[in-house]
Amino acid sequence: MDIEEKQSEHIDFFVKQASILSGPALSNVVVQATSHPSLFAFSEILAVPNVLQLEGTDSSTFLDLLRMFAHGTWSEYKRVANRLPQLVPDQVLKLKQLTVLTLAETEKILPYDTLMQELDVSNVRELEDFLINDCMYVGIVRGKLDQLRRCFEVQFAAGRDLRPGQLGSMIQTLDNWLTTSDNLLVSMQEKIKWADTMGEMDKKHRKEVDERVEEAKKTLTLKRLPPQTRQTWIPEGMERSFLNLVE
């Protein structure tokens, strides 16, 4: 079972909790959700009407915090940390894990220097331990640590929640891909048709060559026969007879 499937029951639990609570009571739901070790998607919780109603209230910072976990990164949090609730250690870990997923969305080769800067990690050993124990072992990414090149080669990364406006861009990307695929299919069909035509022409040419070879063989065989054994065809009324030719 992959990471996305494992999350479904956790998402359902927090969506139900958010649906029956309101106001300040939702702050605990947000903290619990963003601290949960197996939850990495928050758009369904964000879509709950009770959660959206936090906007403009004294608890609106928890709505902003939930949005940060849905779409943001550790470095983005640090820039606005003074306007958001302080994170507990589990939340810090979660946001750093999510940061790796964001970086893996656009690049499959992640330099160690970039990762250490984005994650506030001071040395390679600490970074590799984090990638192994808190990312690969958890199942949110798979890849290879390349100490020689000082980079992490991403083979798989779990998807994050779509950012506002990202759906339209994704649809356009998929539409472009579909158009390219259609054009490629037409091109392949044309090449297959051309190959079939050339194949038929080649078969016809081979047949003609074979027929000529057979004719040549017969001619050569006839020429090798003694003159006395050669025969000619002479029609005579309704009868047919062969006359020996004598040179």
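At what angle do H7 and H9 pack, and how far apart are their axes? In this predicted model, local features need pLDDT of at least 70, side-chain atom pairs count only at pLDDT 80 or more, and totals for chains, interfaces and linings use all residues. Residues are numbered from 1 along each chain as its sequence is written, and side-chain values use heavy atoms, without hydrogens and water.

Helix H7 (residues 89-106) and helix H9 (residues 124-136) pack at about 95°, with axes 11 Å apart. Helices (H or I, at least four residues) and strands (E, at least two) are DSSP runs, numbered from the N terminus. Axes are lines fitted to C-alpha atoms, for helices over the stretch in contact, and angles run from 0 to 180 degrees between N-to-C directions. H7 and H9 are therefore roughly perpendicular, a label for 65 to 115 degrees. Leu93, Lys96, Gln97 and Val100 in H7 meet Phe130, Leu131, Asp134 and Cys135 in H9, where contact means heavy atoms within 4.5 Å.

H7 also lies across E1, E2 and E3, at about 90° to E3. Helix H8 (residues 112-119) packs on the sheet too, touching E1, E2 and E3, and its direction makes about 65° with that of E1.

The three strands form an open sheet in the order E1-E3-E2, with antiparallel pairing; pairing requires at least two DSSP bridges between two strands. E2 and strand E3 (residues 151-157) pair over six bridges, and glycine 143 stands opposite valine 154 in E3.

Elsewhere, helix H2 (residues 26-35) has seven of its 10 residues buried, meaning under 20% relative accessible area with a 1.4 Å probe, protein chains only. Among them are Leu26, Val29 and Val30.

Note on methods:
Buried means under 20% relative accessible area, exposed over 50%, partly exposed in between (1.4 Å probe, protein chains only). Angles under 35 degrees count as roughly parallel, over 145 as roughly antiparallel, 65 to 115 as roughly perpendicular and the rest as oblique.
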